[in-house]
Amino acid sequence: MEDSVKAPSLSKAGEAAAELKVTANGTHVNGETSRWTPSSWTTKPIKQDVIYDDRAAVSKALAKLERCPPIVTPTEICKLKERLRDVALGKAFLLQGGDCAELFDYCNSDMIEAKIKLLLQMSLVLIYGAGKPVVRIARMAGQFAKPRSSPTEQYNGRTITAFRGDNINGYDPEERNPDPSRLVSAYFHSAATSNYIRASLSSGIADLHSPLDWELGHVKEEGIKAKYETIVNSITESLSFMKTVGADSAASSLETVELYT
């Protein structure tokens, strides 16, 4: 099918991705390569690929994404690799938490802060109990797709495409056709979430001097709350002693943490 609209200019990686997105599901293999390239993923078998009807719309979305800045920087990636090396060597503990699949509606300050605080609480307990650094990885800022056991489902006597996540189609039965513009929406929701996480951390949300500010509204068991508050009180007393003797005057690590997404 020839497109009447001229597709935006794409890189070779983008062209490979666009070609893949309009071919038959799950069988597209261009040939194996031992060297990684931005398009080498297109040579691998795909079990739950998404097929779009409009080639021009796919190219337009991919061209837009190629022009946008990366959501994470190479420095952040290298730092995480170093932290994961420590985890593999038994020098640190890995904590990963978040949603199975995010919705675009989750991109709001209250929900983002709640997840940050929960991870901070969990890491604080792990550090206190294990005596090791904790590498925090949040399943946030881009977890918009979800695999399904079946590509379709029955709705009011008709077969419709299964909901595959906000970056593919909508939950509303009338919005189930895969829409490539949602890839661009996913980018901006991911960027907004990542930026708010960074801003919250730099603004002191993770300050170890105020761990009780992280709230425990999600904890129903009073005994668990009491145990957490005991840990917090012990840490607070230690920090108070350090402040008294001037040992924490340059300890900026007490005011923020590393949180990867």
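The expected span of a helix is 1.5 Å times one less than its number of residues. Helices here are DSSP runs of H or I with at least four residues, strands are runs of E with at least two, and both are numbered from the N terminus. You're touring a predicted model, where local features need pLDDT of at least 70, side-chain atom pairs count only at pLDDT 80 or more, and totals for chains, interfaces and linings use all residues. Residues are numbered from 1 along each chain as its sequence is written, and side-chain values use heavy atoms, leaving out hydrogens and water.

**Stop 1: helix H3.** Select residues 74–88. At 1.5 Å a residue, the 15 residues of H3 should span 21 Å, and its end C-alpha atoms are 21 Å apart, so the two agree. Now click on Gly 90, which follows H3: its phi is positive, near 80 degrees.

**Stop 2: the sheet.** Show S1, S2 and S5, an open sheet of three strands in the order S1-S2-S5 with parallel pairing (two strands pair if DSSP finds at least two bridges between them). Strands S1 (93–98) and S5 (259–260) are at the edges with a single partner strand each, so one side of each has no neighbour in the sheet. Zoom in on S2 (residues 134–139), which two bridges join to S5. Which residue stands opposite Ile 137? That's Tyr 260 in S5.

**Stop 3: helices on the sheet.** Bring H3 back: this helix lies across S1, S2 and S5, at about 125 degrees to S2. Axes are lines fitted to C-alpha atoms, for helices over the stretch in contact, and angles run from 0 to 180 degrees between N-to-C directions.

**Stop 4: H2 and H5.** Select H2 (residues 55–67) and H5 (residues 181–202), whose axes come within 8 Å and cross at roughly 25 degrees. That makes H2 roughly parallel to H5 (under 35 degrees; over 145 is roughly antiparallel, 65 to 115 roughly perpendicular, and the rest oblique). Show side chains: Ala 61, Lys 64 and Leu 65 in H2 meet Leu 183, Val 184, Tyr 187 and Phe 188 in H5, with contact meaning heavy atoms within 4.5 Å.

**Stop 5: H4 and H5.** Keep H5 and select H4 again; their axes come within 10 Å and cross at roughly 60 degrees. H4 and H5 are therefore oblique to each other. Finish with Ser 109, Ile 112, Glu 113 and Ile 116 in H4, which meet Thr 193, Tyr 196, Ile 197, Ser 200 and Leu 201 in H5.
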